[in-house]
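Trainee: I would like to learn how to read a model like this one. Where do we begin?
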Amino acid sequence: MAEVQARLQSLSEDYTKLQQELQGAVQSQQKLEAQKQENTNVQKEFDRLKDSENIYKLVGPILLKQDKVEAESTVNGRLEFISKELERTEDQIKEIQEKIEKKKGEIIQIQAGLQAGGGTPGKVATKA
């Protein structure tokens with residue numbers, strides 16, 4: 001009985017850790033989505049610019065003039081990187097969700113065994 005309770009406690013702790021890991025991954029995904037949106041907006045602004053207009057980049061407290069081709073290249077590179085990171089994060093979230101479902105199933109199985117078997121998983125309660 002005590003070892004079943006210890007196993008159940010261990011599974012519950014694992015489940016909680018996985019939920020926290022999932023929460024962290026979702027927060028990373030949201031942050032990446034925000035960065036992607038921001039860079040997409042910058043890209044749209046570049047499309048609206050005339051060739052004669054200047055682009056400035058903030059470096060510390062100083063605004064430096066930047067070539068339009070270089071600025072567009074930088075933003076496109078960022079968008080590509082962010083998109084790859086989003087894919088990686090989405091895969092990570094799916095993997096964590098699968099692990100959570102597996103742990104949840106194990107926990108339910110042990111709890112059902114405890115309830116049905118009167119304390120021992122795998123045994124069915126019988127009438128005396």
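Mentor: With a definition. A pocket is an open set of grid points with protein on both sides within 12 Å along at least five of seven lines, and lining residues have an atom within 4 Å of a point. Keep in mind that this is a predicted model.

Trainee: Which residues line the largest pocket?
Mentor: The lining consists of Val 42, Phe 46, Ile 55, Tyr 56, Lys 57, Leu 58, Gln 66, Ala 71, Thr 74, Val 75 and Arg 78. Two or more residues each come from α1 (2-48), β1 and α2 (68-117). The volume is about 160 Å³.

Trainee: How many of the lining residues are nonpolar, polar and charged?
Mentor: Seven are nonpolar, two polar and two charged.

Trainee: How do I read the packing of two helices?
Mentor: Two packed helices are described by the angle between their axes and the distance between the axes. Here α1 and α2 pack at about 160°, and their axes lie 7 Å apart. Angles over 145 degrees count as roughly antiparallel, so α1 and α2 are roughly antiparallel to each other. Their crossing is left-handed. The contact of α1 with α2 has 22 nonpolar, 15 polar and 14 charged residues.

Trainee: And the strands: in which sense do β1 and β2 pair?
Mentor: First, the general idea. In a regular strand the side chains alternate between the two faces of the sheet. In this model, β1 (residues 55-59) and β2 (residues 62-66) pair in the antiparallel sense, over five bridges. Tyr 56 stands opposite Lys 65. Val 59 has Ile 62 as its bridge partner.

Trainee: What phi does Gly 60 take in the hairpin?
Mentor: A positive one, near 65°. This hairpin of β1 and β2 has two residues between the strands.

How values were computed: Residues numbered from 1 in each chain as written. Predicted model: local features only at pLDDT ≥ 70, side-chain atom pairs only at ≥ 80, totals over all residues. Heavy atoms only, no water. Pairing = 2+ DSSP bridges. Helix = DSSP H or I, 4+ residues; strand = E, 2+ residues; numbered from the N terminus. 1 Å grid on protein atoms, 1.4 Å probe; cavity = no way out; pocket = protein on both sides within 12 Å on 5 of 7 lines; lining within 4 Å. Points joined across faces, edges and corners; volume = space filled by probe spheres on them. Nonpolar A, V, L, I, M, F, W, Y, C, P; charged D, E, K, R; others polar. Axes fitted to C-alpha atoms, helices over the stretch in contact; angles between N-to-C directions. Parallel < 35°, antiparallel > 145°, perpendicular 65-115°, else oblique. Left-handed = near helix turned anticlockwise from the far one by under 90°.
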